[in-house]
Amino acid sequence: MIKVTFSTEQKVKEYGGKVTGFDILQPDALKEAVALKVNGELYDLSRKIESDAEIKVIKLSDEAGLDIIRHDAAHIMAQAVKELFPNTQITIGPTIQDSFYYDFATDRTFTTDDLTAIEKKMKEIVKSNHRFVREVWTRKQAIDFFSGIGEKYKVDIISSIPEGENLTVYRQGDFVDLCRGPHSPSTGRVKAFKLMKVAGAYWRGDAKGPMLQRIYGTAWRNKDELNAYLECLKEAEKRDHRKIAKDMDLFHIQEEAVGQVFWHEQGYILYNVLESYIRKKLINNGYFEVKTPILVSKELWEKSGHWDKFRENMFIVDESESKKLAIKPMNCPCHVQIFNSHTRSYRDLPIRMAEFGTCHRNESSGSLHGLMRVRGFTQDDAHIFCMEEQVNSETIKFCDLLKEVYSELGFNEIFVKFSDRPDIRAGNDEVWDRAEKALLEAVKEAGLSYKLNPGEGAFYGPKLEFVLKDAIGRNWQCGTLQVDFILPERLGAFYIGADGHKHHPVMLHRAILGTFERFIGILIENYAGKFPVWLAPTQLAILTITNEADDYATEISNILKEQGVRVKTDLTNEKISYKIRLHSSNKVPILWIVGKNEVTSKTVSVRNLGSERQESFSLEKATESLLKTKEVRLVDHSGEMVGIVPLERALEFAQSVGLDLVEIVPDSTPPVCKILDYSKQKYDIKKKASEAKKKQKTLTIKEIKLGPNIGDHDYETKLRQARDLLAHGHKIKVTMRFKGRELINTEVGLEKLERLIRETEDIAKVRDGWKRATPSVGIIDSQSVKRLKRGSRGYDAGKKKKGRKHHYCRYIGSCIEADVHSANVQDRDGALDLLFKRKENTNITEVFADQRVIPKRWIVEEFFAWLSNFRRMDKDYEHSPLTSKTNIFFDMITIMLTKLAT
Ligand SMILES: [Zn+2]
Ligand SMILES: [Zn+2]
């Protein structure tokens with residue numbers, strides 16, 4: 001009798017004797033199943049379960065299932081190679097990330113044609129659908145077999161297995177390989193694979209040993225997955241940061257300083273932009289910055305435990321025969337020294353100590369890869385010294401900060417790997433319980449999705465690893481937060497608690513970017529070098545067509561440099577087409593091209609990276625639009641504070657979620673913007689207001705509108721209503737609106753207003769005198785003009801406002817709502833001229849006041865850019881106010897009448 005517990009379904013079944021996966025799984029489940037996990041060990045579906053067991057089905061959809069398929073593919077490849085090239089000896093064939101390889105001993109150098117032939121053969125083997133048959137052999141049996149067929153590498157492997165131990169081989173068709181397994185039921189399960197490349201490899205990785213031929217292949221669950229992977233590889237190759245860095249002249253690495261970066265001018269600008277960006281974030285989040293030594297005596301590393309655990313990765317320096325120093329591989333012990341330099345009280349905690357810490361680790365030279373893996377690097381490191389009960393809140397704060405930084409740097413997809421207690425650990429279980437709970441709650445609270453990594457925590461505490469997804473879907477683990485109960489104790493850090501006793505603080509090791517080197521590598525690949533303007537090392541290049549424009553170019557460049565623009569001029573005698581190509585390949589986001597014409601007309605021809613279009617702008621206009629790359633404090637659509645981001649990114653973000661970007665606090669620095677559905681918000685506000693009105697029985701302000709040409713009869717009606725409302729204690733706002741030609745003779749209207757004041761004088765007084773409604777600008781279409789005429793005829797206080805219709809325009813996500821204010825202009829161009837004039841002498845926020853959404857200068861400019869391009873944008877924009885519509889301009893005078901106090 002065998003008892004099988006199905007761990008996923010929590011179900012127990014009993015069987016009469018030994019069973020296999022094929023016996024116990026339903027046909028449906030078998031289709032998806034690749035193997036079983038039996039008491040923690042992987043089993044083939046055909047392998048007999050000999051005793052009571054807890055089992056879990058490994059499905060193709062699981063990572064482990066896919067890994068088995070890849071190993072199947074490696075065996076199939078070995079079989080194919082043996083069939084095509086019988087003189088080849090097989091060695092080992094493991095799986096690696098996304099792929100598999102097999103090392104072959106042969107005199108032949110495999111060619112791409114060979115790969116094609118091998119692939120073809122593999123397809124035949126897959127089609128034959130051979131069963132993978134597991135056999136248990138004695139060691140002797142195996143040695144006899146493999147030496148019999150001349151596979152001396154296999155014999156070599158078997159010889160290293162202790163005597164007396166049985167081993168397993170897998171047979172598929174005529175091919176037999178020494179293998180631990182497991183395998184899927186048959187070769188037909190390998191549905192989608194491709195051979196990638198051939199490389200040399202040493203037997204057992206030993207450079208003195210024989211050289212083998214390694215064939216790499218990749219295998220996936222289906223053709224779609226395979227194609228997506230190949231597509232991604234192709235894209236990744238194009239984006240290789242080493243290649244792009246060469247084009248952009250960012251850095252180099254050379255033999256004399258293996259694994260360390262020579263930052264060139266452009267690269268170091270990028271580095272510094274990123275560093276100041278992070279520094280600003282740290283300051284805003286309550287960190288302070290320190291700098292600690294690079295060369296530190298062995299004794300400290302012994303105390304911290306690194307000498308024991310990490311020594312082989314440390315570069316050691318002999319100061320004298322007896323005294324050894326080490327180049328720091330991490331900053332933590334040094335930070336504890338600063339913590340220990342004062343007596344700390346619980347009131348001082350948390351202490352957030354940050355360092356752009358330059359560290360060195362002796363990574364094996366084979367593992368080094370461009371900026372992605374280096375020996376010398378700078379971490380955006382910080383340690384938070386806190387009390388245990390602060391771990392949760394500090395972690396939440398950190399998660400928020402990390403999210404903000406990632407999203408501002410262009411990464412919006414993040415997940416967290418949460419690693420809990422390992423088997424070997426320091427500290428008691430209650431402390432671990434609390435720390436794990438604090439971390440997990442923080443991750444949930446920060447709204448991050450997470451995967452559990454059971455048992456993968458450090459021995460000194462649980463940890464979070466933050467993984468971001470780049471533009472082509474690759475995952476990069478960058479940020480980290482580790483709870484540490486041990487180091488402060490080891491290095492004697494303490495604070496005086498509220499109880500007057502000494503306590504060890506908890507230390508949170510945390511980094512957002514990880515290292516500047518690797519993160520810049522990721523940034524380069526994510527953007528394929530085409531950085532957003534705020535990050536680009538050179539933001540603008542001014543290219544001259546002729547040297548007659550040299551002075552002009554230099555002059556512009558000097559002005560812009562003063563404004564902080566990272567600008568370059570190219571005054572060489574090269575052809576302009578060459579210059580454009582050069583600076584485009586340097587990925588400069590904006591090019592200004594100047595020749596004789598531009599000098600005379602004081603203009604520049606603007607060309608943006610990736611566009612063939614070239615547009616001429618006046619110098620002022622071009623400068624303005626360049627400098628307007630401003631920042632806003634962004635609140636996202638779920639109400640969460642994203643942080644300070646360049647406007648451009650905020651707009652992109654809004655666009656990506658299909659909503660509008662609206663300034664909600666325009667006067668703060670930087671202005672606060674929220675992502676929301678503006679039309680819905682308007683509706684909500686209206687609804688709320690009307691609900692509030694309903695509840696509030698006594699209305700305080702009623703509006704009465706008059707036109708200057710109002711007839712006597714209508715006037716009498718308005719007057720009656722006004723008196724009536726005043727008698728009931730309401731305040732009345734009386735608005736006189738002049739529109740179009742009425743503006744020529746405003747006295748008529750003002751007389752009407754005066755008359756109204758006179759004729760209510762016995763019961764009302766004017767509060768605050770005459771008021772010109774804050775001049776404002778807007779667009780009103782011809783339909784609303786009609787409605788305006790109708791609406792302006794009667795008293796409509798308390799009724800739904802019909803007369804005027806605000807139009808708001810979306811320009812890449814931003815909203816503008818405004819009224820038209822003007823003197824005698826009736827056409828759009830005249831109005832725009834006037835506005836531009838006004839803009840020069842007036843603070844534009846004033847011009848645009850009286851709105852919930854108060855566009856600041858930059859939004860206004862966007863608006864006008866949009867207006868002048870409306871034809872181009874029209875398709876995307878349903879509320880296009882200008883195409884077939886008339887604009888009118890008006891002026892408003894209001895007075896407020898209040899009941900006389902009696
Ligand atoms: Zn194998
Ligand atoms: Zn640390």
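Two residues are in contact if their C-beta atoms, placed from the backbone, lie within 7 Å. Helices (H or I, at least four residues) and strands (E, at least two) are DSSP runs, numbered from the N terminus.

This is a predicted model, in which local features need pLDDT of at least 70 and side-chain atom pairs count only at pLDDT 80 or more, while totals for chains, interfaces and linings use all residues. Residues are numbered from 1 along each chain as its sequence is written, and chains are lettered from A and ligands numbered from 1 in the order in which they are written.

**The whole chain**

Begin with everything shown. The chain holds 29 helices and 44 strands. Of its 902 residues, 34% are buried (20 or more other C-beta atoms within 10 Å of a residue's own; exposed means 12 or fewer, and partly exposed in between). Colour by pLDDT, the predictor's confidence in each residue, from 0 to 100. The chain mean is 82, and 84% of residues reach 70 or more.

Select residues 774-863, where pLDDT stays under 50. Then select residues 866-889, where the pLDDT is also below 50. Where pLDDT is low, the predicted coordinates should not be read in detail.

**Helices H3 and H4**

Select H3 (residues 63-84) and H4 (residues 112-128), whose axes come within 9 Å and cross at roughly 115 degrees (axes are lines fitted to C-alpha atoms, for helices over the stretch in contact, and angles run from 0 to 180 degrees between N-to-C directions). Residues that meet at this crossing include Ile76, Met77 and Ala80 in H3, and Ala117, Ile118 and Met122 in H4.

Most residues other than glycine have a negative phi, and most peptide bonds are trans. Select Asn129, in the loop between H4 and strand S9 (133-137). Its phi is positive, about 55 degrees, although Asn129 is not a glycine. Asn129 is partly exposed, with 14 other C-beta atoms within 10 Å.

Go on to Pro182, in the loop between strand S11 (175-178) and strand S12 (192-202). A cis peptide bond joins Pro182 to Gly181, with omega about 0 degrees.

Arg204 lies in the loop between S12 and strand S13 (211-220). The phi of Arg204 is positive too, near 55 degrees, and Arg204 counts as partly exposed, with 16 C-beta neighbours inside 10 Å.

**A sheet of 3 strands**

Select S17, S19 and S18, which form an open antiparallel sheet in the order S17-S19-S18. Two strands pair if DSSP finds at least two bridges between them. S17 (295-297) and S18 (316-318) are at the edges with a single partner strand each, so one side of each has no neighbour in the sheet. From one strand to the next, the twist averages 35 degrees. S18 is joined to S19 (residues 324-327) by 3 bridges. Val317 stands opposite Leu325 in S19.

**Helix H12**

In H12 (residues 332-340), select the buried residues Cys332, Cys334, His335, Val336 and Phe339. What covers them includes S17, strand S21 (351-360) and helix H15 (487-490).

Move to Pro350, in the loop between S20 and S21. Leu349 and Pro350 are joined by a cis peptide bond, with omega about 0 degrees.

**The cores**

A nonpolar core is a set of buried Ala, Val, Leu, Ile, Met, Phe, Trp, Tyr and Cys residues joined through C-beta atoms within 7 Å. The largest has 86 residues, of which Leu540, Ile542 and Trp592 touch the most other members. Beyond four places in sequence, the contacts of Ile542 include Ala553, Val567 and Trp592. Last, select Ala35, Tyr43, Leu45 and Ile55, which belong to a second, separate core of 39 residues.
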